[in-house]
Every structure is written in C-alpha cells, then in structure tokens.
Amino acid sequence: MTRPRRVIAALVSTLGAGVVLAGCGSDDDVLTVYSAQHESLVRTMLEGFTEETGIELEFRDANDSELANQIVQEGDASPADVFLTENSPAIDVVDQAGLLAPLDQATLDQVGEAYRPSSGNWVGFAARSTALIYNPSEIAEEELPASMLDLADPAWQGRVGIAAGGADFQAIVSAVLALEGEDATREWLTGLQRNAEIYASNTAIMKAVDEGEVPVGITYHYYWFRDQAQNGLIGDDAALHYFRNQDPGAFVSVSGAGVLASSDQKEQAQRLVEYLTGAAAQERLADSSALEYAVGTGIASADALPPLQELQAPEVDPGDLDAPLVTELMQEVGLL
Amino acid sequence: MTLALAVAVAALALLPLGYIAWYTADIGWTGVRELVFRPRVGELLWNTTRLVVGTVACCAVLGLAAAWLVARSSVPGRRVWHVLLVAPLAVPAFVNSYAWISLLPGLDTYAGALLVVTLSYFPFVYLPLAAAFRGLDPALEETARGLGLSGWAVFLRVQLPQLRVALLGGSLLVALHLLAEFGALQMLRYPTFTTAIYDQYRATFNGPGATMLAGVLVLLCLVLLVAELRLRGRRGYARTGRGAARPVRPVALRAFTGPVLLGLAVLVALALLVPLGSLGYWMVAGADAALDWAALAGTTGTTLALAAAAAAATTALALPTGWLAVRARGRLSTLLERSTYLGSAVPGIVVALALVTLSVRVTPWLYQTMPVLLAAYAILFLPRAIVTVRAAVEQTAPLYDDVAASLGSSAGDRLRRVTLPLLAPGIGAGAALVFLAVVTELTATLLLAPTGTTTLATAFWSASSALDYGAAAPYAVVMVLLSAPATVLLSSDARRGLTT
C-alpha cells in the first residue's frame with residue numbers, strides 16, 4: 001500500500017493556509033472592539049476616530065450577554081480591548097468578574113452621574129427608555145395598565161408581546177429585579193410566561209402590534225421613533241405609551257463602554273472611550289437616525305424625543321444589575 | 001500512517017459528542033436533573049417531536065407520490081417534473097422560511113412551520129425514492145399481478161418492501177435536518193431544541209443550560225439513527241437472474257392526468273415559485289434602499305474563499321478514511337467510517353457550542369480563528385466527501401498501482417502519478433458537495449466566524465432578523481444562484497448524488 005504523503009501535504013497546507021488567514025489583521029495598531037450596540041449607531045458615533053488618532057478598529061458584533069459571557073470565559077486571554085454594550089447588565093457581568101480597568105476621571109466626568117456606575121469602571125454612552133408599544137385600534141390608551149407589572153395579570157393572557165431571548169428585555173427584567181426583589185420578579189415572570197407571545201426582536205414586536213397580532217408589547221422607545229422617522233414602514237398603526245411614575249416600566253437602560261484590564265493597548269482603548277463619550281460623538285448620536293438618548297453632559301438629544309427628564313424613570317444604579325440571576329429566573333419559569 | 005490519519009479524523013468528528021458526554025458526566029446527576037427535567041424542556045420536546053413526526057409523514061407521502069408519478073406513470077413531461085421536484089433543494093430552508101413569513105406573517109404556527117419545512121425537505125425523500133423506483137424489476141410486479149394480486153396489493157406487498165430502504169433513508173435525512181434546523185424555525189417563531197440552544201447561547205454564552213439542551217438534542221439524534229437501523233432490517237432485495245430488467249411500461253393515468261398535473265403544479269408552485277417570487281418581490285421592493293454592491297461582492301468573496309478552504313480541508317481529511325474503507329476492509333475501517341457519519345449527525349449548533357468551549361479552554365490560541373470554523377465545517381460535512389471519495393476508490397482497481405510498483409515507481413510517485421489522478425473525479429465531486437454546503441451554512445458560522453468575517457448566510461441573517469427584508473434579499477439570491485448548479489447535478493444523477 002502506498003503511503004499517501006500527498007494527503008499529509010494537502011492536510012498540512014490547508015491547515016497552514018487557515019492559520020495564515022487567521023493571522024491576518026492582528027496588527028498592533030488595531031483595537032479589537034466587542035460591540036453589542038447597534039452596528040450603525042456605533043459606527044456613526046466613532047466616525048472620524050481613526051482619522052483623528054490613527055488607531056484602526058476591528059469590531060466583533062454580537063449580543064450583550066453572549067459577548068459578556070464570552071469575555072468572562074476568555075479571561076485574561078481575551079482579544080478584546082474595549083467592550084461596548086447595548087444595556088448595562090452585560091458590562092456589569094464583566095465588571096463584577098474584575099476584568100475592567102478603571103476609566104480616566106476626565107472621561108467619567110463627560111457623562112452625567114445617573115448614567116455611570118459608582119465603581120467608575122465603565123461609563124454610559126447612550127440611553128434608552130422602556131415603553132409599551134400598543135395598537136390604538138385594538139386597545140384605547142385609557143385601557144392600558146398603570147404599571148408594567150400588571151401585564152402578568154391573567155387578563156393579559158395571549159395579549160402581550162415580548163422578546164424574551166433578547167438582551168433588551170433581559171435588561172428590563174434586571175431593573176424589575178433591582179426595584180422589586182427576587183420573589184416579585186419571579187411572580188411577574190411566571191405571569192408573563194403564561195401571557196406573552198415571544199418574538200425574536202423588538203422590531204418583530206412592533207410589526208406584530210402594528211398588524212394586530214397582539215395589542216401591546218414591551219419594547220424600547222427608539223424602535224418606534226426610528227420607524228416613524230422612516231414614515232412608519234413597519235409600525236404606522238402602532239403608538240407608544242410611557243409608564244412614568246418611577247414604574248419599573250419607565251426604566252432607562254444605559255449602554256456601557258469599558259476598557260478591558262487584559263488589554264495590551266489600554267492607552268488607545270481609553271482614548272476610544274473618551275472619544276465615544278465626548279461632545280463630538282454625543283452630538284453625532286443626537287443628530288443621527290438612531291434616536292437613542294445622548295448622555296454627554298450638556299448635549300441635547302434628538303428633537304423628536306420627549307426629554308429624558310420628563311419620563312420619570314425609577315432610580316436604578318446601572319452598575320448594580322444582576323444578569324446571571326435574571327437568566328436563572330427566566331430559565332426557572334421557562335422563558336428561556 | 002493512513003490508519004493514524006483516519007483515526008485522527010474520526011476523533012475530530014466525535015469531538016462534539018465527546019464534549020457533551022464529558023460535560024454531562026462533569027455536572028453530575030443533580031445538575032442534569034435541575035437543567036433537563038423542567039417544564040421548558042418538556043415543551044421543547046413536544047414541539048420538536050410533533051414537528052419531526054408531522055414533517056416526516058408529509059414528506060414521505062409527497063415524496064412517494066411524486067416519485068411514483070415521475071417514475072411509473074404516464075404523466076406528461078416526466079423529465080421536467082423531475083428537475084422541478086429536485087429544484088427546491090437550491091433554496092436553503094431559512095431562505096424559504098423568510099420568503100413565506102415576509103409575505104404571510106401569520107405563518108408563525110405549527111401548521112406554518114410544518115408547511116415551510118415540508119416544502120424545503122420533501123426532495124430528500126423524493127430523490128432516493130425516484131432512484132429506487134427506477135431500480136425495481138417490473139417482472140416481480142407482473143408475476144404478482146399474474147398470481148392475482150390487485151394494484152394496491154402489489155404496491156403494498158411487492159413495491160413498498162423494496163422501496164423501504166430508500167424511504168427510511170430519506171425520512172431519516174429529513175428528521176436529522178429538522179433537528180438541526182435553526183434559521184427557518186427561528187424565523188417562524190417555532191421554538192425547538194436548536195432555537196432554544198441558540199437563545200441560551202445568547203443569554204449565557206456556553207453556560208450549562210445551553211450544553212444540557214444540546215445533550216438532549218444529541219440523544220434525540222441517536223434515537224433516530226438507531227430507529228432507522230432497526231426499521232431497515234436485514235432483508236435485502238436484488239435481481240439475481242441473468243439478463244437486464246425490461247423497461248417499465250408506464251401506468252396510464254387517463255382521466256386522472258388533469259388532476260395529477262394540477263397537483264404537481266401546485267406542489268412545485270408552493271415549493272419553488274413562492275420563494276423565488278418572494279425573493280424577486282423583495283429585490284424590487286427593497287431597491288429604493290440602494291443596494292450596497294461593494295458589501296455584497298465582498299461578502300460573496302469571503303464566502304467563496306471560506307467554502308473553498310473548507311472543501312479542500314474536508315476532502316483531504318476524507319481521503320484516509322475513504323481509502324481504508326475500501327482497501328483495508330474490516331471492522332476497524334468500518335468503525336472509523338461510521339464515526340464520521342455519527343459525528344456529522346450532530347446538529348451544527350452543538351458542534352459550534354462544543355468547539356467554542358474547547359477552543360476557549362484548551363487551545364486559546366486557536367479561539368475565534370479560521371481553523372476552528374473549518375474544523376466545524378469538516379465535522380458537519382465529512383460524510384459528503386467520504387462517500388464520494390470512497391466510491392472513487394471503489395472504482396479504481398489496485399492493479400494500476402501494482403503495475404506501477406512492478407515497473408519501479410516509488411510510493412510517493414505512484415500516489416502522484418497513478419492514484420490521485422484516478423481518484424480525481426471523486427475528490428472533485430466530494431469537494432463540490434462540501435463547497436455548496438458551506439456556502440449556505442448558517443448556524444455554526446453564526447457562532448464561530450472570526451471577528452470581522454461575514455458570510456452570505458450571516459449577512460442575510462442579520463438583515464432578515466432586523467426585518468429588513470429588502471436588504472436581505474440580494475444575499476439570498478446569491479446563495480440560491482450558487483446552489484442551483486448542484487441541484488441540476490443532483491437531478492441528473494439521482495442515484496449517486498444524494499450523499500448525506
């Protein structure tokens with residue numbers, strides 16, 4: 001029998017090619033950014049960063065919890081230099097694992113105190129408000145519940161849409177947990193498990209509400225505002241309701257930015273976070289079609305949005321949200 | 001040497017299974033009880049089971065009826081119908097699902113899921129049955145009729161037993177694909193184990209919840225494999241007499257011709273025209289948002305390069321196993337070959353989950369790199385390459401090699417000048433099959449693609465998940481165009497083509 005050396009040669013060369021392919025792009029001047037925020041928003045806010053600083057960026061875009069847990073697994077070996085989240089529970093996971101480096105005080109000072117954790121290890125760079133999207137031809141605004149927690153009542157069976165698998169909804173649950181405690185949260189989730197129709201995303205909820213599949217859905221404000229700005233392509237028959245009154249349903253979620261302690265380019269990483277929270281990037285956020293709230297001190301958000309201060313959000317420390325317990329509770333009641 | 005390589009390949013293929021088994025043993029009985037015996041798992045089990053049973057039943061009925069009509073009846077245009085019935089394979093199931101749900105949002109029910117996956121997967125049953133019908137010897141049926149059996153009795157007692165292997169094989173293929181299906185069902189909001197594992201992965205990365213669901217899913221796959229083996233039985237059917245089988249005289253449909261044509265037309269319209277029409281609609285409707293040609297071209301380039309690398313690597317890995325299976329027949333080589341089949345029966349989501357964890361913990365320098373993604377493709381698609389390589393080895397007599405050796409040619413020289421040229425067609429066919437599978441692979445790519453790598457499937461997925469149907473359409477069109485040639489190939493040689 002012949003010894004198929006060619007086989008070995010082919011094997012070695014393909015694996016070798018793979019390694020070469022993989023090796024591309026691990027330049028020293030490239031910052032690796034793990035980003036869970038919307039791609040277009042992050043790219044818009046960071047426009048001009050590379051020209052100004054000469055620092056190239058490479059993004060790994062995925063979901064909040066996925067990236068957070070990934071960084072924790074990677075530990076000190078993480079290729080990430082900067083972590084940007086869509087909601088704060090994810091960056092809290094990384095912070096609580098002791099993997100974030102403290103940020104420069106000057107960077108922290110660029111953002112209002114309500115939008116950063118007391119630890120100072122990360123900083124908010126955008127904010128979004130929880131809201132109830134509803135279909136006025138299915139349900140009148142007066143009939144909407146006074147609190148988001150009421151949606152667990154049997155009367156809402158089959159009538160509320162949630163995106164249970166998404167980080168946004170899980171962040172809202174983490175606020176309920178921080179405000180109401182574990183038992184009340186479990187009870188609320190149990191009710192929702194019975195009542196809710198599960199959708200894959202907030203956009204899918206908006207579409208379902210628009211088409212009358214469900215009369216109401218839990219979402220963030222900007223999905224509806226963005227759609228309105230595009231002439232209501234998906235949700236022209238839907239309207240937005242704010243719970244206000246410090247209700248858990250008025251929770252404002254903060255998108256966080258942090259520098260990894262394991263980064264070997266901390267200086268450049270700090271500059272990125274500084275840039276992201278600086279006036280230029282924040283103004284670009286306010287002017288963009290993202291329609292999330294700017295959090296830079298003295299920066300006004302987009303005109304289309306009601307001022308954040310008027311929404312009567314409950315007081316929640318964004319650095320103190322417990323994502324692992326949320327996952328556990330959602331698994332327990334069968335939402336995950 | 002060849003043996004060592006084949007053992008290494010089998011080990012690679014069994015890596016995900018081994019990981020799940022190790023993990024289960026590691027978290028112990030109490031952990032398993034807590035994570036597996038809960039209402040959510042029961043719900044998923046019910047959802048998954050009823051979808052698999054329903055789809056297999058529908059596919060079996062459709063596949064059998066269509067195969068009989070095309071192979072045995074007088075229906076006009078049999079060749080055309082044959083191509084049209086195989087053609088739905090060119091539309092990946094998640095693209096088909098997108099096509100339907102973007103037109104009819106109300107399809108997010110059990111019936112909707114059943115409809116969409118049946119239309120995507122019935123060719124898997126149709127193809128082997130069409131080939132099997134062609135292989136039947138009409139003399140047996142004529143003898144049975146001559147002995148007084150009615151038409152139905154002949155079908156049930158003579159034809160069906162001979163078709164059993166093809167029917168079971170096709171059904172197994174449908175069931176395994178369904179267990180692994182992620183994109184189509186996620187889009188239809190129909191939760192099964194695979195979609196639930198993905199949700200868990202997004203919430204906890206590779207947490208115990210995800211891994212234990214994967215364990216249950218793997219168990220389901222094993223149950224299916226064993227059940228198919230049991231049902232297939234040991235009975236074999238083959239012509240033993242001399243001479244060639246006479247061509248079959250087609251059964252005249254007479255008055256049924258019209259309704260039958262209508263039925264076939266409806267099936268093809270649902271399985272082919274709806275997805276293609278929907279894609280066309282979104283191409284036009286989404287045209288106002290200017291098509292990003294550069295992004296589309298770049299993504300297509302990445303996908304093709306990735307698929308080429310995967311095809312080369314997987315075929316190279318298939319060579320030792322395929323070679324041994326023919327030239328060193330025996331228990332060991334059969335075991336090695338079967339291990340790769342078993343490994344690839346594991347759904348993509350489980351393979352990806354296992355490789356993520358193993359590469360993070362054991363080989364951090366390989367983590368998030370191309371080799372890991374290529375390894376996942378190899379595990380998933382090895383059988384496609386092995387089957388074709390094996391067939392090629394089967395057809396090359398060892399004689400040529402011996403003659404070359406007797407003329408003084410060295411081992412390496414013989415491999416280069418005799419063996420590989422003889423195997424080239426088989427190697428090429430295997431590589432092509434792997435290439436095409438990779439072009440439309442979604443699940444494992446979503447989890448394993450290195451930072452900054454976007455493929456057609458993942459670009460399509462991110463656009464369609466955001467319900468940006470217009471932006472998703474061009475990527476789907478490219479995937480369909482790339483898959484179409486393979487489908488033509490499949491329909492032209494149904495016996496050799498279907499390999500998984």
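Helices (H or I, at least four residues) and strands (E, at least two) are DSSP runs, numbered from the N terminus. By that convention Gln246(A) lies in the loop between strand 9 (239-241) and strand 10 (252-260) of chain A. The model is predicted, and local features need pLDDT of at least 70, side-chain atom pairs count only at pLDDT 80 or more, and totals for chains, interfaces and linings use all residues. Residues are numbered from 1 along each chain as its sequence is written, while chains are lettered from A and ligands numbered from 1 in the order in which they are written.

**Chain A as a whole**

- Chain A has 13 helices and 10 strands, and its radius of gyration (taken over C-alpha atoms) is 22 Å, close to the 20 Å that the globule rule gives for 336 residues, so chain A is as compact as a globular protein of that length; the rule itself is 2.2 Å times the number of residues to the power 0.38.
- The C-alpha trace of chain A spans about 75 × 60 × 40 Å along its principal axes.
- Of the 336 residues of chain A, 53% count as buried, where a residue is buried if 20 or more other C-beta atoms, placed from the backbone, lie within 10 Å of its own, exposed if 12 or fewer, and partly exposed in between.

**Contact between chains A and B**

- Chain A brings 45 residues to the contact and chain B brings 47 residues, two residues being in contact if their C-beta atoms, placed from the backbone, lie within 7 Å.
- On the side of chain A that touches chain B, helix 1 (5-23), strand 2 (56-61), helix 4 (64-74), helix 9 (202-210) and helix 13 (323-333) each supply at least two residues, and helix 1 of chain A gives the most, with 12 residues.
- That side of chain A has 19 nonpolar, 17 polar and 9 charged residues, with Ala, Val, Leu, Ile, Met, Phe, Trp, Tyr, Cys and Pro counted as nonpolar, Asp, Glu, Lys and Arg as charged, and the others, Gly among them, as polar.

**Helices 14 and 15 of chain B**

- The axes of helix 14 (residues 348-361) of chain B and helix 15 of chain B come within 10 Å and cross at roughly 145 degrees; axes are lines fitted to C-alpha atoms, for helices over the stretch in contact, and angles run from 0 to 180 degrees between N-to-C directions.
- Where the two helices meet, Gly348(B), Val351(B), Ala352(B), Leu355(B) and Ser359(B) in helix 14 of chain B face Val372(B), Ala375(B), Ala376(B), Ile379(B) and Leu380(B) in helix 15 of chain B, and the residues of this contact divide into 8 nonpolar, 2 polar and no charged.
- Gln368(B), in the loop between helix 14 and helix 15 of chain B, has a positive phi of about 60 degrees although it is not a glycine, and it counts as buried because it has 21 C-beta neighbours inside 10 Å.

**Individual residues**

- Gln246(A) likewise has a positive phi, near 55 degrees, in a residue other than glycine, and Gln246(A) is partly exposed, with 14 other C-beta atoms within 10 Å.
- Val9(B) lies in helix 1 (residues 2-36) of chain B and counts as buried, with 27 C-beta neighbours inside 10 Å.
- Not counting residues up to four places away in sequence, Val9(B) touches Leu317(B), Pro320(B), Thr321(B) and Thr340(B).
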